[in-house]
Amino acid sequence: MPDLFSPEERSRVMAKVRGQDTNPEKIVRSLIHRMGYRFRLHVKDLPGKPDIVLPKHRKVVFAHGCFWRQHPGCEHAARPGSNTEYWNKKLDRNVIRDQEHLERLLYLGWNVLIVWECELKDLDQLVEKLRRFLSDE
Ligand SMILES: [Zn+2]
């Protein structure tokens, strides 16, 4: 498999990933772009306004923050120890809403991939995950 990045690019992307203002969506978008796919952004007439939409392939990709979207089993999804009622309500609502969007997208015949923020730590593995999802095999 050809490497998507030159060493300089790789370190630049990794610096971005490690940075404070990590934007998972931007990074996933740039990976998919490098892989040669064309996509649309934030399609408002689809459930959940997916971050990345590939209409031709009928595929959508979401880039989710582990805490806000409650990545199952992820250490970054741990709920705060204080104000628990507030947080439980808020986070439960996010999870339910995401689940509803997912079900509606599947019902409409879309293929859905969720990339979690913590998966950006291993770019090679993430690229492989994207490749498997995006290829029409
Ligand atoms: Zn996670």
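Hi everyone, let's start where two helices touch: Val28, Leu31 and Ile32 in α2 meet Leu123, Leu126, Val127, Leu130 and Leu134 in α4. By contact I mean heavy atoms within 4.5 Å. The residues of this contact of α2 with α4 are eight nonpolar, no polar and no charged. For that sorting, Ala, Val, Leu, Ile, Met, Phe, Trp, Tyr, Cys and Pro count as nonpolar, Asp, Glu, Lys and Arg as charged, and the others, Gly among them, as polar.

A quick note on the source: this is a predicted model, where local features need pLDDT of at least 70 and side-chain atom pairs count only at pLDDT 80 or more, while totals for chains, interfaces and linings use all residues. Residues are numbered from 1 along each chain as its sequence is written, and side-chain values use heavy atoms, with hydrogens and water left out.

Now, the overall plan. The protein chain has four helices and four strands, and from the N terminus on they run α-α-β-β-β-α-β-α. Helices (H or I, at least four residues) and strands (E, at least two) are DSSP runs, numbered from the N terminus.

Back to our pair: how do the axes of α2 and α4 cross? The axes of helix α2 (residues 24-34) and helix α4 (residues 123-134) come within 11 Å and cross at roughly 60°. Axes here are lines fitted to C-alpha atoms, for helices over the stretch in contact, and angles run from 0 to 180 degrees between N-to-C directions. The two helices are therefore oblique to each other; angles under 35 degrees count as roughly parallel, over 145 as roughly antiparallel, 65 to 115 as roughly perpendicular and the rest as oblique.

Next, the sheet. Its four strands form an open sheet in the order β1-β2-β3-β4, with mixed pairing; two strands pair if DSSP finds at least two bridges between them. At the edges stand β1 (40-41) and β4 (111-116), each with a single partner strand, so one side of each has no neighbour in the sheet. Strand β3 (residues 59-64) pairs with β4 in the parallel sense over six bridges, and Val60 stands opposite Val112 in β4. Helix α4 packs on this sheet, touching β2, β3 and β4, and its direction makes about 175° with that of β4.
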